[in-house]
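Take a look at the sequence and the fold, then read on.

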Amino acid sequence: MAELNGNDCVIVGVGVTQQGRNLEIPERELRREAVELALADAGLKRPDVDGYIACHGGVAFEDLRYLGLGPLFSWSLSSGGATAISALIAARGVLAVGQASTVALCYGTVPSRFRGGGSGGGRGYGGFGYGYPELFDMVGPSTSHALHAQRHMHLYGTTSEQLGAVAVTQRAYASKRPGTLGYEKPITLEDHQTSRMICEPLRLLDCCRDTDGGVCVIVTTAERARDLRGTPVRVLGTGTGHNIRNWYDGSVYAHHDDIAPAKARAFAEAGIDVGDVDVAALYDPFTISVIMQLEEYGFCGTGEGGPFVAAGKTGPTGTIPTNTGGGQLSGYYATGFTAMVEGIHQLRGEGGATQVADAEIALVSGHGGNGGIQNTWAHATAVLGVGK
């Protein structure tokens, strides 16, 4: 990698609040806590933040008074689980044209507040009503992802046990990471196989869970970062894809997302190939999502994702350690920030018991928006690197 130059976008602060179920903390308070933690991490003060992006449902206009921020702009941005990287892309543009010098990307939601409401007993991200598929009795995002899994099994012989290997591997990571839902709670393949069916072939342990929590990521220019105490992480490349393209040509189920253009742009900008990636942090609402992304990013061939994971290739001694904090399946669900935070932690050497030795390049993905029968609309890719 090239040396940092003054205009490069770097991540200098990360704040992650408690993550969990039914925390009973207001979402704006979670965002305040996240901002406080990120500022302390970076060694910044509130007046230093001159750009604010409220991610995925945050109401930027009212946030500012509560958070005590006075930026030059405050925007709300939502692209489902692709929001975190989408906000990073927006911040890169702002920094590049000199509209701000330090931008806070802030997230904090309380999906458990929906508990007991809605037609199906809950309306969180995994609730009963989730986009227009409800009109056709497709209940929750598991239904659309189950169609992907069924197709993958039919064409490539992928098995339920191979889906379970994803869940077991990621739980093994989470079981060693304090603060995750799966901490000190490893599971076995038998646990996976005996967990109740949610939407065939996806069992309970194939699915992530909504969690309450807040995250704030602060970015600035490399020149500004040199004066800060936070360990910088470089944004080497970013890209996006939109699944409407696959919808139009009828290939929507052949792909998990429209990953190809997102990967091509991000990897080209970073000047890397898939073999250069040391650690992957993939958006993982369901186990099939990990398998299909491993294939589409090129870590293995099409249809080979199931055996690839079952052979331990995504584990700590595998060829591409993946979702090393447990991901969303066993870590926590922060709508795209889960993956981004893990990529940052790994590059800063903060991965604790699941730190990947000498990690210099992390692949981070996001996926989300709508959850219709085509799965979701948006995919986003970020390539992060150590700040040298």
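T335 counts as buried because its relative accessibility is 2%; buried means under 20% relative accessible area, exposed over 50% and partly exposed in between, with a 1.4 Å probe and protein chains only. You'll find T335 in the loop between α12 and α13 (337-347). Its phi is near 50°, a positive value in a residue other than glycine.

A word on what you're looking at: this is a predicted model, in which local features need pLDDT of at least 70, side-chain atom pairs count only at pLDDT 80 or more, and totals for chains, interfaces and linings use all residues. Residues are numbered from 1 along each chain as its sequence is written, and side-chain values use heavy atoms, with hydrogens and water left out.

N323 also has a positive phi, near 55°.

| Residue | Relative accessibility | Class |
|---|---|---|
| T335 | 2% | buried |
| N323 | 3% | buried |
| S86 | 18% | buried |

P201 lies in the loop between β5 (197-199) and β6 (202-203).

Now step back to the whole protein. It has 13 helices and eleven strands; these are DSSP runs numbered from the N terminus, with helices being H or I of at least four residues and strands E of at least two. The radius of gyration is 19 Å, close to the 21 Å that the globule rule gives for 388 residues, so the protein is as compact as a globular protein of that length. That radius is taken over C-alpha atoms, and the rule is 2.2 Å times the number of residues to the power 0.38. Along its principal axes, the C-alpha trace spans about 55 × 45 × 45 Å. Buried residues make up 60% of the 388.

What about the inside? The largest nonpolar core holds 42 residues, and V103, L105 and F337 touch the most other members. Such a core is a set of buried Ala, Val, Leu, Ile, Met, Phe, Trp, Tyr and Cys residues joined through side-chain atoms within 4.5 Å. Helix α3 (residues 83-96) gives this core its largest share, seven residues. Apart from it lies another core, of 37 residues, with L236, A266, V274 and A280 among them.

Leaving aside neighbours within four places in sequence, V103 is in contact (heavy atoms within 4.5 Å) with residues including Y52, F73, L95 and V217. With residues up to four places away in sequence not counted, S86 touches L77 and S79.

Finally, follow helix α1. At 1.5 Å a residue, its 16 residues (27-42) should span 22 Å, and its end C-alpha atoms are 23 Å apart, which agrees. The expected span is 1.5 Å times one less than the number of residues. Its buried residues are E29, L30, R31, A34, V35, A38, L39 and A42. An α-helix has 3.6 residues a turn, so residues three or four places apart point the same way. After α1 comes G43, whose phi is positive, near 75°.
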